[in-house]
Amino acid sequence: MKRKNLIQKFWNYFLLFVTFIVVVFVLGIIIYVIIKGWPALSWEFITQKPAAGMREGGIFPAILGTLYLIIGTIIFSLPIGIFAAIYLNEYASKNRLTRIIRLSIVNVSGVPSVVFGLFGLGFFVIFLNFGKSILAGSLTLALLILPVIITATEEALKTVPNSYRQASLALGATKWQTITKITLPQALPGIITGSVIGIGRAAGETAPIIFTVAAFSQPNLPNSIFSQVMALPYHLFVLATQLPNAPEDMQWGTALVLLIMVLFFATIGTVVRTRSRLRRVNL
Amino acid sequence: MEKLKKSKKSKFRTFKAFLISRFIFINGIISIVVLGLILAFLVYNSIKFFSSYPFFSFITGTRWSPTVNEKFGFVPLMVGSLEVAFGAIIIAVPFSVGVAIYIGELAPRPVREILKPIIEVLATLPSVVLGFIGLKTIVPFIKNFFNLSIGLTALSGSIILAFMSMPTIISISEDAINAVPNRLRNASLALGANKWETTYKIVVPTASSGILAAIMLGLGRIIGETMAVLMITGNSPRIVFSWLQPVRTITATIAAEMGETVQGGLHYSALFAIGLILFLVTFLINFTSDRFVNRIRNL
């Protein structure tokens with residue numbers, strides 16, 4: 001009897017220890033990047049163009065490029081993703097087609113990001129002749145995060161009680177009015193959370209943008225959606241592996257700026273979700 | 001008169017509802033369209049390679065030297081990918097399943113609420129950042145620890161990929177553990193088993209198919225990962241059976257070489273061909289694990 005509980009205690013502490021290692025690793029990465037990257041961060045670093053073969057100056061074009069890509073990705077992925085989720089939750093019946101759609105979503109989310117890059121190159125850059133451009137890059141990233149947005153939106157729509165819909169329909173509202181005036185507003189926090197998480201992912205992706213938009217060095221700011229731009233993740237890759245003697249602090253600084261951007265989105269997502277969960281409890 | 005107006009209005013309404021439902025439907029099937037387009041363009045762009053390069057010497061070829069003498073042997077890349085993936089899974093599974101059991105079954109509620117977001121943060125870290133950190137920390141460590149001339153090895157890649165696959169494996173394993181009905185736990189406890197005995201004799205075996213699916217999805221993530229392996233596995237397309245040597249994975253090959261190819265050329269087409277293989281492999285993995293995941297949902 002005693003031995004049994006001793007074993008239980010052992011495994012409890014052992015698994016706690018294993019978990020502890022993983023947690024230390026995650027927090028360690030973030031703290032390490034902050035410590036190493038902090039000295040490089042300055043107003044010049046984030047507002048200036050690169051100079052001296054990207055070994056001096058700032059990373060402003062890369063930051064701006066990533067922001068453009070984020071905006072483009074939102075424009076292309078958000079409406080389609082939300083409508084797709086509306087279809088699945090509000091319109092689709094339980095038939096074979098719906099099953100195939102769900103299976104496709106799972107599989108699109110499992111497609112390696114570099115394959116998205118290949119597809120973007122073959123389809124957007126060459127076949128549709130967009131060239132290496134913000135347009136091609138945003139479209140590729142939009143397809144990449146589509147499953148995230150669809151799944152999150154559908155989960156959010158599911159949490160809206162059916163009685164709300166019935167009440168609206170009983171008052172004479174059409175199905176569409178019910179969706180736009182009742183269901184979507186109720187599901188908004190969940191939709192925002194999912195979208196923001198997806199966008200954070202798009203902001204950090206490198207492989208899909210290498211062949212579709214990212215420029216090795218493009219200090220001039222883009223003037224149209226057909227311009228190539230620098231992007232933060234690709235710039236970090238270039239500094240770390242492609243550019244001999246790139247200054248250490250610039251590498252860490254770039255990594256930190258990218259990390260801050262990605263964690264910013266993740267935090268928004270978590271905050272919105274937590275707040276809506278609390279509100280639901282209080283309801 | 002009044003009646004006529006009304007019916008006209010309602011006709012318009014039904015027409016509008018019809019248009020809306022069509023429009024929504026088109027968006028609804030977008031994921032099928034995307035999946036189909038990806039497959040179509042991978043096939044379309046690799047036709048040239050498959051029609052002009054003998055398939056047998058592609059699949060059994062032991063040398064990948066596209067620029068020097070146009071040799072496209074798949075074996076070195078496959079060995080590289082498998083080696084890195086195998087190492088990563090060996091490292092990732094004990095940690096991930098351990099964490100999942102701890103979070104899902106043993107941890108007190110407040111601890112769980114703190115741990116889950118931390119694991120989610122790991123999932124949001126971009127692979128290029130993890131690759132960069134691996135380059136600055138793991139690579140020199142491996143080099144010094146094993147006294148190698150270069151730290152860019154398969155093992156370095158495996159370690160980083162292990163951590164990248166952990167969020168996937170942990171969260172899906174935890175779902176599987178949570179899906180185990182409480183009556184099974186209660187029955188076990190009522191028979192005098194303590195919490196740990198219940199966990200490893202009842203809960204984990206019941207959740208095992210879900211945990212297996214989680215591991216497979218993690219494997220899919222590992223095989224498809226590009227940037228981190230490109231940065232830290234050394235990029236050497238030779239067949240080596242050691243974790244302490246540089247290797248080159250399928251994904252890294254595509255990312256590293258696409259920039260130097262001639263559009264529409266044989267090399268270009270060859271990269272689409274290995275992309276197609278990658279797509280099919282991950283498709284198979286996801287397809288199979290999805291069936292497992294559905295099974296636990298219906299438990």
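## Two domains in chain B

The C-alpha centres of domain 1 and domain 2 of chain B sit 36 Å apart. Keep in mind that this is a predicted model. Domain 1 of chain B covers 2–51, and domain 2 of chain B covers 55–297.

Where the two domains of chain B meet, nine residues of domain 1 are in contact with nine residues of domain 2. On the domain 1 side of that contact you'll find six nonpolar, two polar and one charged residues.

## Where the chains meet

Now for chain A against chain B. Chain A puts 70 residues into the contact, and chain B puts in 63 residues. On the chain A side, helix 1 (residues 2–37) gives the largest share, with 17 residues. Sorted by class, the chain A side has 52 nonpolar, 15 polar and three charged residues.

## The nonpolar core

The largest nonpolar core holds 177 residues, and Leu146(A) and Ala231(A) have the most contacts inside it. Helix 6 of chain A (residues 134–158) supplies the largest share of this core, 16 residues.

What does Leu146(A) touch, leaving out residues up to four places away in sequence? Within chain A, Leu146(A) touches Ser77(A), Ile80(A), Gly81(A) and Val108(A). From chain B, Leu146(A) touches Ile30(B), Ser31(B) and Val34(B).

Helix 8 of chain A (residues 175–204) is worth a look. With 30 residues, a straight helix would reach 44 Å at 1.5 Å a residue, but the end C-alpha atoms of helix 8 are only 38 Å apart.

Where does helix 8 of chain A bend? The bend, about 55°, is at Leu188(A), and a proline, Pro189(A), follows within four residues.

Note on methods: Residues are numbered from 1 along each chain as its sequence is written. Chains are lettered from A and ligands numbered from 1 in the order in which they are written. This is a predicted model: local features need pLDDT of at least 70, side-chain atom pairs count only at pLDDT 80 or more; totals for chains, interfaces and linings use all residues. Two residues are in contact if their C-beta atoms, placed from the backbone, lie within 7 Å. Helices (H or I, at least four residues) and strands (E, at least two) are DSSP runs, numbered from the N terminus. Ala, Val, Leu, Ile, Met, Phe, Trp, Tyr, Cys and Pro count as nonpolar, Asp, Glu, Lys and Arg as charged, and the others, Gly among them, as polar. Domain bounds come from an automatic or database domain assignment. The expected span of a helix is 1.5 Å times one less than its number of residues. The bend at a residue is the angle between axes fitted to the seven residues ending there and the seven starting there. A nonpolar core is a set of buried Ala, Val, Leu, Ile, Met, Phe, Trp, Tyr and Cys residues joined through C-beta atoms within 7 Å. A residue is buried if 20 or more other C-beta atoms lie within 10 Å of its own, exposed if 12 or fewer, and partly exposed in between; C-beta atoms are placed from the backbone.
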